[in-house]
Amino acid sequence: MHKTIKFKSPKCKVKKLNKGVRISWNKIKGADGYIVYRKNKKVAVIKGNKKNKYVVKKAKSKKKFKVKAFVKYAGKKIVSK
């Protein structure tokens, strides 16, 4: 029998800085970490649930960023939608 794991993606905010952008998001209970995407390409993997900010240097636009949470279960990484 398979166990169903469901959790929401975090809501992120993007702020323009002098040299890049800062992405921040709400923490998701039970997440083992987060993946930051820009234009559907992986920018960073943040392990653990304590950090909820990331700075992307050299980014000129604050558009097209998103963050997904993940959990590790039975040796696999399950990513939120």
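**View 1. Buried share and surface of the predicted model.** Buried residues account for 28% of the 81 residues in the protein chain, in a model that is predicted. The chain exposes about 6,400 Å². Carbon and sulfur atoms supply 51% of that area. Along the principal axes, the C-alpha atoms fill a box of roughly 50 × 25 × 20 Å.

View 2. The protein chain has 7 strands and 0 helices. In sequence order the pattern reads β-β-β-β-β-β-β. Among contacts with a separation of 6 or more, 57% come from residues 24 or more positions apart.

**View 3. The hairpin of strands 1 and 2.** Strand 1 covers residues 12-17 and strand 2 covers residues 20-25. The two run antiparallel and are joined by 6 bridges. The hairpin connects them through 2 residues.

**View 4. The largest nonpolar core.** This core has 14 residues. Those with the most contacts inside it are Ile 23, Trp 25, Tyr 34, Val 36 and Phe 65. Strand 2, strand 3 (33-38), strand 4 (41-47) and strand 6 (65-73) each supply at least two residues of the core. In soluble globular proteins, nonpolar side chains tend to be buried together.

**View 5. The surroundings of Val 36.** Leaving out residues up to four places away in sequence, Val 36 touches Ile 23, Trp 25 and Phe 65, among others. Its contacts also include Val 43, Ala 44, Ile 46, Tyr 54 and Val 67. Lysines take part too: Val 36 touches Lys 41, Lys 42 and Lys 66.

Definitions and conventions: Residues are numbered from 1 along each chain as its sequence is written. This is a predicted model: local features need pLDDT of at least 70, side-chain atom pairs count only at pLDDT 80 or more; totals for chains, interfaces and linings use all residues. Side-chain values use heavy atoms; hydrogens and water are left out. Helices (H or I, at least four residues) and strands (E, at least two) are DSSP runs, numbered from the N terminus. Buried means under 20% relative accessible area, exposed over 50%, partly exposed in between (1.4 Å probe, protein chains only). Contact means heavy atoms within 4.5 Å. Accessible areas come from the Shrake-Rupley method with a 1.4 Å probe; for residues, only the protein chains shown count as cover. Two strands pair if DSSP finds at least two bridges between them. A nonpolar core is a set of buried Ala, Val, Leu, Ile, Met, Phe, Trp, Tyr and Cys residues joined through side-chain atoms within 4.5 Å.
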